[in-house]
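Hello,

The structure we spoke about is below, with notes on what came out of it. Please read the notes with the model open.

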Amino acid sequence: MNDKKTIITYGTYDMLHKGHMRLLERAKALGDYLIVGVTDENYDRSRGKLNVIESTKKRVKAIEALDFVDKVIVEKHKNQKAEDMVKYDVDIFAIGDDWVGAFDYLNEYTHVEYLARTEGISSTKLRKENFDTIKMGIVGLGRDTQDFIDESKFVTSIKVNRIYSDDFLKVKAFTKDNELIKYGHDNYDEFLDTNIQAVYIDTALKEHYLLIKKALEAGKHVLCENPLALGKKELKELLGLAKREKKILLSAVKTAFLPAFNQLLKELDNGVIGDIKEVRATRTSLYKEKRYSDNFIQQGATNILSSYPSLLVNKVLGKSKNITFFDQVENGYDINNLIITKHKKGTLGISNVAVGMKSEGDAVISGTKGYVYIPAPWWLTKTFEVRFEDTHRTMKFNYEFEGSGLRYMIAEFGSLIQRGKRQSKMLSPSDMVGINRVLLEYNESRNSKNKSKNKKEEK
């Protein structure tokens, strides 16, 4: 008979401190064998913990280095605690007393013990003491401006307090009753000359390149709605400038930062559907809301929307080898474009984008063992299913997100600045080049066709 008493506990353990250590020591004192569950960053983000500084890997290593910890596991979803208690035959689940009552339901599986925490110390307090709040300005009065401001309230590392637009009257009206934005500017150089450390750009697409360039040259980190530029030369220049200035340049493609989307990529990397052969994704919108002007829609379906399916296709299949477009052009811009990309080992990406017309906005990733289905709207990924020929084997994953999803992107941007990192693993510079390749090549081909057409008309 084994008399060894097994204890389990869970936590984020960001910036491991004395409070964590004392709690873990108290947990170990309850028995003989201590298992510590470190929460995965995707799970943390899905339950609203947006300001964690350290990666899952770094936090796991810190706990593994403690000589009184016997086993370290990673907690990936909310039902895992009960599963682990059965799996490891746990005698006691220990947790801080700030959770009193919250885990009583687990008494069905084991004894729940609430332990006193060390007063006066916490990861939140350490973050405040060690990292300054990042002052951030908004560039433009775009369709996502107010949403960005509202979502930034949930990211403690960021403080948005300024806005720039070349329309003085609109800036004045916007700042008049805004609880966060107190300072308005209609001069961009003056705006950049303030104490802000970073900017978020949400303007007409053709304005992005120059606004980004000036911000980087002024020493500001940049988060900008995609595309960053409408030409290959301009995009390459901006990425090179950001590297030289040692500043962050990040595309604001919020899908890339959602918890469920990142968990999906992990499952695919683990080979859950075997070798991947094809990715299909659709992104369409009627854009009938008042905030969308005719000028916005006339930027074309590819420029406005292709970043989303291109993100999924490139993250899953890697860099494309060649691209074919099947577009429908009306009134001088593409209302629809079926984009087929070829990748390594003959794999295919099939993307469909449209403005002013509507299709089912789902996505399918096909493999040799099964497929992944992401229901509409797939680009706001909350859930996905792994399906097999044997329908009884279907697995469903659910990682809810709060608000519109922008806060996860803002949190990653702030975390990069605070940690002194220039690149995000969720959306690296090579990722940005990949997702922009489609629209850059499309614009190049359209410009070439227009030049040929003009020459013929001149003759």
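At a relative accessibility of 14%, Ser285 counts as buried (buried is under 20% relative accessible area, exposed over 50%, and partly exposed in between, with a 1.4 Å probe and protein chains only). This is a predicted model, in which local features need pLDDT of at least 70 and side-chain atom pairs count only at pLDDT 80 or more, while totals for chains, interfaces and linings use all residues. Residues are numbered from 1 along each chain as its sequence is written, and side-chain values use heavy atoms, with hydrogens and water left out.

Ser285 belongs to strand β12 (residues 276-285); helices (H or I, at least four residues) and strands (E, at least two) are DSSP runs, numbered from the N terminus. A polar atom of the Ser285 side chain lies 3.2 Å from the backbone nitrogen of Tyr287. Leaving aside neighbours within four places in sequence, Ser285 is in contact (heavy atoms within 4.5 Å) with Leu305, Ala354, Val355, Gly356, Met357 and Lys358. Met357 is 72 residues from Ser285 along the chain, and their C-alpha atoms are separated by 6.4 Å.

**Other strand residues**

Ser251 lies in strand β11 (residues 249-251) and is buried, with a relative accessible area of 0%. The Ser251 side chain makes a polar contact with the side chain of Asn226, at 2.8 Å. A polar contact is a pair of N or O atoms within 3.5 Å; within protein, one must be able to donate a hydrogen and the other to accept it, and residues adjacent in sequence count only if both atoms are side-chain atoms. Beyond four places in sequence, the contacts of Ser251 are Leu223, Cys224, Asn226, Leu228, Phe257, Leu427, Met432 and Asn436.

Thr9, in strand β1 (residues 6-11), is buried with a relative accessible area of 3%. Not counting residues up to four places away in sequence, Thr9 touches Leu24, Leu34, Ile35, Val36, Gly37, Phe93, Ala94 and Ile95.

Gln328 is part of strand β13 (residues 322-330) and is partly exposed, with a relative accessible area of 39%. Setting aside neighbours within four places in sequence, Gln328 is in contact with Tyr333, Asp334, Ile335 and Asn336. The C-alpha atoms of Gln328 and Ala354 are separated by 9.2 Å, the two residues being 26 apart along the chain.

**Enclosed helices**

Helix α11 (residues 259-269) has nine of its eleven residues buried, so it is largely enclosed by the rest of the structure. Those buried are Pro259, Ala260, Phe261, Asn262, Gln263, Leu264, Leu265, Glu267 and Leu268. Gly271 follows α11 and has a positive phi, near 80°.

In helix α14 (residues 307-317), ten of the eleven residues are buried, so this helix is also largely enclosed by the rest of the structure. The buried residues of α14 are Ser307, Tyr308, Pro309, Ser310, Leu311, Leu312, Val313, Asn314, Val316 and Leu317. After α14 comes Gly318, with a positive phi near 85°.

**Helix pairs**

The axes of helix α6 (residues 145-152) and helix α15 (residues 406-419) come within 9 Å and cross at roughly 65°. Axes here are lines fitted to C-alpha atoms, for helices over the stretch in contact, and angles run from 0 to 180 degrees between N-to-C directions. That makes α6 roughly perpendicular to α15; angles under 35 degrees count as roughly parallel, over 145 as roughly antiparallel, 65 to 115 as roughly perpendicular and the rest as oblique. The α6 and α15 crossing is right-handed (left-handed means that the near helix is turned anticlockwise from the far one by less than a right angle, right-handed that it is turned clockwise). On α6 the contact is made by Asp147, Phe148, Glu151 and Ser152, and on α15 by Leu406, Arg407, Met409 and Ile410. These contact residues divide into four nonpolar, one polar and three charged (Ala, Val, Leu, Ile, Met, Phe, Trp, Tyr, Cys and Pro count as nonpolar, Asp, Glu, Lys and Arg as charged, and the others, Gly among them, as polar).

For helix α9 (residues 208-217) and helix α10 (residues 232-245), the axes come within 10 Å and cross at roughly 15°. That makes α9 roughly parallel to α10, and their crossing is left-handed. The contact involves Tyr209, Ile212, Lys213, Leu216 and Glu217 of α9 with Glu234, Glu237, Leu238, Leu241, Ala242 and Glu245 of α10. The residues of the α9 and α10 contact divide into six nonpolar, no polar and five charged.

Regards
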